[in-house]
Amino acid sequence: METSTVKQKSVPNLRPNQYKKTQTRKNYIIAYIFLLPWLIGFFSLVLGPMVSSLYLSFTKFDLLNPPEWIGLANYQDMFSDDKYWASVKVTLQFVFIAVPTQLIAALLVAVLLNKGIKGVGIYRTVYYLPSLLGGSVAIALLWKNLFGIDGIINQVLGFFGIAGQGWVSHPDYALGTIIILATWQFGASMVIFLAGLKQIPSELYEAAAVDGSSKVNTFFKITLPLLSPVIFFNLVIELIKSIQVFTSAYIISEGTGGPINSTLFYTLYLYQRGFSYFEMGFASAMAWVLVFVLGVMTIMIFLSSKFWVHYEDGGKL
Amino acid sequence: MKKIFYICLLAIMSFLIVSGCSSNSSGDGGNESKDSASESLGDSSQDESSEQSEESDDVIELRVAWWGGQERHDRTLKVIDLFEEKYPNIKIVAEYSGFDGYFDKLTTQFAAGNAPDVIQYGGNLNDYVLKDVVLPLDEFVGNQIDISKHSESMLDAATFDGKLYGLTLGTTAWGVLVNKTAFDKTGVSLPSKDWTWEDFRDLTPKLSEGLDGTYGTADFEEDGFGVFLAQRDKFSYLDGEIGFEATDVADWFQLWKDLRESGGAAVPEIQVSASQTPEQSLIVQGDVAIESVASNQYGAYSNATKDEFLLYPYPYDSETGKNGVSLRPSQFFAGNKMTEHPEEVAKFIDFFVNDLEATEILGNDRGAPVNSDVRVNLIDKADEIDQAIFEYIDLVSETSDAPYIPNYPGYNENTQLFKETAEKIYFDQSSVEDAANNYYDKLIDNIKKYTEE
Amino acid sequence: MNHRLSYSKVVTHGFIITLGVLMLYPVLWMVSSSIKPENLIFSSPGLWPKEITFNNYINGWNVVRDVSFGLFFKNSFIISVISVVANLITCSMAAYAFARLKFPLKKLWFACMLMTIMLPAHATLIPQYTIFHNLGWINTILPLTVPKLLATDGFFIFLMVQFFRGIPRELDESAIMDGCGVVKIYTRIIIPLAVPVLITTAIFTFIWTWDDFFSQILYLNTVDKFTVPLGLRLFLDSQGESSWGAVFAMSVLSMLPITLIFFTFQRYIVEGIATSGIKG
């Protein structure tokens with residue numbers, strides 16, 4: 001209120017109503033200036049490829065010859081393709097196990113490493129190390145070294161008298177090892193949680209301590225609600241990331257998705273069809289079905305966020 | 001104001017969509033732009049490249065792409081120096097990398113009209129020929145390219161529909177790698193070089209028994225199946241025709257199932273963990289004592305372990321008395337159909353396989369040289385392992401009782417199909433017969449899909 | 001001193017350390033493989049090397065004739081640093097607009113931004129490559145850095161939006177009272193208070209760019225432009241002879257800078273940089 005009166009003095013020629021209009025307009029322009037880099041990037045680099053991949057999804061396109069319009073045939077083929085459904089099943093299994101386990105592990109470790117333990121920086125770094133290895137070529141070797149038939153895991157199991165399996169190479173267990181890999185690389189979510197914890201005002205904890213609230217109680221009454229925007233972010237992103245999981249499966253199965261399609265993730269199959277089998281049209285169709293499904297899921301999470309995500313800014317975007 | 005804003009947005013959007021689409025479909029014609037490598041911005045090579053473009057009237061630039069390991073890069077680069085010395089008006093831009101991503105990148109470059117001029121291919125050359133992106137070399141044969149000393153089968157390997165599309169960079173042949181150290185340990189005597197599948201069946205369980213944690217043999221997989229067919233006077237696929245029955249597939253898988261049941265062959269969980277890479281193969285890791293390899297990989301296998309490996313021919317089929325192994329190409333150099341300098345491409349490829357000095361540098365890295373003069377020249381200078389490889393190649397070329405059979409069209413998909421079929425049998429998800437029939441039907445479908453254009 | 005308290009501290013420490021060892025194992029294994037002779041890496045896979053050699057480091061450093069691994073480090077470093085700066089500036093600008101400002105079509109753009117995260121990269125690879133090819137940018141660092149300058153990494157915009165929304169709006173309002181405009185709120189309030197998320201963005205951008213193999217192999221053609229992940233693959237031929245010892249040695253070296261960067265900056269995620277003046 002006060003500011004507007006101050007400013008009004010400097011522009012005395014305008015009627016208040018008109019002034020307000022100019023002011024909003026000016027703010028719109030400023031907002032668009034802030035958005036400008038993204039808008040330029042979106043229209044010049046992102047939108048074109050997106051639209052053309054949508055177009056390609058209605059064509060037969062072998063990458064090396066011009067695309068040929070075939071309508072909905074790719075989408076129809078997809079639904080009658082056993083391997084497609086196998087990849088959907090593998091991906092869903094992965095998502096429903098890996099996302100919750102990874103998020104819970106990341107949150108717990110973040111809470112544990114948030115406060116003053118001696119050498120906490122070193123611990124944080126050590127816990128982030130597996131994520132640093134990322135898509136390193138050495139990961140496949142490491143996984144065989146751990147989960148192979150004479151790997152470390154079986155040696156440990158053998159110590160307890162349990163006969164092991166060739167975990168990575170058995171169709172019933174291979175997916176499990178990739179889930180473990182994903183959980184083990186919880187570093188990124190952990191860091192985001194740590195950043196989120198930092199944002200919670202310390203006065204609230206002090207107040208809770210004065211009230212004699214227990215640690216568990218504080219966690220549920222203060223930490224979780226105030227962390228909810230970050231939990232929300234991690235949930236959406238982990239969901240998208242795990243549905244699109246590619247690198248770990250690609251490296252561990254050497255691109256095959258084997259044994260017997262047990263690690264044939266959605267995007268791995270998409271990649272195989274697009275780049276190994278020269279069916280970019282089909283691959284594009286797969287991509288757009290994925291976008292649609294992810295979009296629906298994201299909208300659902302966004303809608304649900306009203307009930308559990310607490311924004312400091314009042315909750316309106 | 002608001003309206004203008006929306007109109008502007010709409011205009012930008014539609015412009016970009018249109019340009020995005022058209023630039024995409026211009027893929028086949030977009031080659032005229034002078035190579036982007038010479039336009040590199042914002043780094044130290046700028047001065048150098050601008051100099052080049054000034055004198056680009058007389059200097060021709062050729063982009064050459066290959067994949068490989070350290071050794072191959074070093075050798076190939078040396079040969080390129082030699083070539084540039086001999087042809088000062090041709091400058092070679094070497095675009096080399098590891099195997100990862102090589103073909104994904106190549107395909108993308110083709111789609112955008114930006115593929116290199118000379119490209120190294122593997123067994124998938126036929127797929128690129130089918131897509132009509134490979135330069136036919138026939139008009140250069142006898143001019144820039146000399147094939148008089150090349151063995152017929154290696155020319156056949158790069159010939160599709162009567163046209164020559166590439167030159168073979170090295171000859172290789174399927175063979176059987178035998179871990180001599182393991183044999184010595186068990187006291188099982190080494191087989192004779194004309195062993196049969198019956199010998200193989202007797203000997204492998206004994207090896208498994210005598211060794212702790214090591215099985216007699218690894219599955220010979222799809223490569224072995226091709227040899228197996230040749231031993232029966234059949235073939236996989238040639239000129240639009242599949243040359244075998246579903247029962248042959250079943251016989252092959254049954255053979256291995258029996259071997260596993262006798263204890264001779266590695267159990268499924270070990271077999272499935274096998275990697276294509278020589279260093280991570282089962283025989284190097286000590287999981288098996290016998291494995292099927294391509295002869296040019298003998299060195300890579302031997303260098304990755306302290307055990308002593310020997311190169312053996314395939315076990316013979318005792319009924320037909322055939323060995324079934326034939327000479328095969330390891331990799332090819334082929335031209336890009338859209339290249340602006342086809343003659344220079346031909347010159348380079350010819351130099352690479354025929355020049356004595358060049359081939360001496362290249363040695364056995366991509367397989368035994370295809371030019372017989374070159375091979376003779378190399379044998380004297382080779383080390384022990386290369387000598388063994390050359391001997392083996394000579395043995396095969398003298399005694400070969402099977403024709404050269406190219407890979408299936410749709411190489412990647414059919415390889416994957418074979419692997420999956422084998423795995424279904426390994427883990428009892430399918431009987432041998434069902435799996436074989438399924439494989440056969442799916443194979444026919446796949447081939448149809450890739451060849452119908 | 002409370003006895004129960006120190007007991008629980010011991011348990012916590014014990015737990016963290018045990019788990020930490022599990023996390024550390026791959027690195028120990030990589031280091032141990034990197035000092036084994038080439039012919040023992042796979043035939044004798046135990047953690048403790050039977051023989052020790054540093055040849056892998058020497059051989060790996062001198063990758064190919066005219067290039068040493070140092071150049072790959074330099075190239076990777078340049079691309080990563082540019083990406084970090086670009087992402088910090090442009091993503092935070094876009095995120096500020098989405099989180100705090102009012103403007104027409106906001107929801108549409110936000111949805112578009114989320115959609116860019118959802119579409120698998122493989123589907124847009126070829127049209128994107130074509131655009132960069134037509135611009136003549138192939139075999140330069142431009143296709144790897146310009147998109148970052150244009151905030152195409154929706155992940156970070158979304159991340160920052162979530163954090164900016166956690167900053168109480170009363171702070172903006174009181175700043176408006178003090179005569180701050182939209183721009184000043186961004187520079188004086190949002191940015192200083194968002195240091196943890198900015199550091200997070202910087203760390204992630206650096207590490208992910210450092211590790212990114214696929215787009216780098218696509219756009220960089222000649223070894224003089226190559227980066228660390230491409231350099232590592234130069235040793236590997238799936239069918240021929242590979243130098244795995246060199247791969248391990250150079251992998252260990254390539255992890256050093258990113259580990260160091262993580263270790264140095266992680267504390268600012270939790271402690272923040274002197275946020276004097278305004279309290280969070």
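UniProt positions are given here in the numbering of this model, with feature names shortened, and its annotations may be inferred rather than shown by experiment. This is a predicted model, where local features need pLDDT of at least 70 and side-chain atom pairs count only at pLDDT 80 or more, while totals for chains, interfaces and linings use all residues. Residues are numbered from 1 along each chain as its sequence is written, and chains are lettered from A and ligands numbered from 1 in the order in which they are written.

View 1. An unreviewed UniProt entry puts "transmembrane region" at several stretches of chain C, including 108-129 and 149-168. Residues 108-129 of chain C are 91% helix and 0% strand, with end C-alpha atoms 26 Å apart. For residues 149-168 of chain C, the ends sit 29 Å apart, and the span is 60% helix and 0% strand.

**View 2. Where α4(B) crosses α5(C).** Helices here are DSSP runs (H or I, at least four residues) and strands are too (E, at least two), numbered from the N terminus. The axes (lines fitted to C-alpha atoms over the stretch in contact, with angles from 0 to 180 degrees between N-to-C directions) come within 9 Å and cross at roughly 60°. B:Thr108, B:Ala111 and B:Ala112 meet C:Leu125, C:Ile126, C:Tyr129, C:Thr130 and C:His133, a contact being C-beta atoms, placed from the backbone, within 7 Å.

View 3. pLDDT, the predictor's confidence in each residue from 0 to 100, averages 85 over chain A. Helix α1 (residues 2-10) of chain A has the lowest mean among that chain's elements, at 42.

Key:
Two residues are in contact if their C-beta atoms, placed from the backbone, lie within 7 Å.
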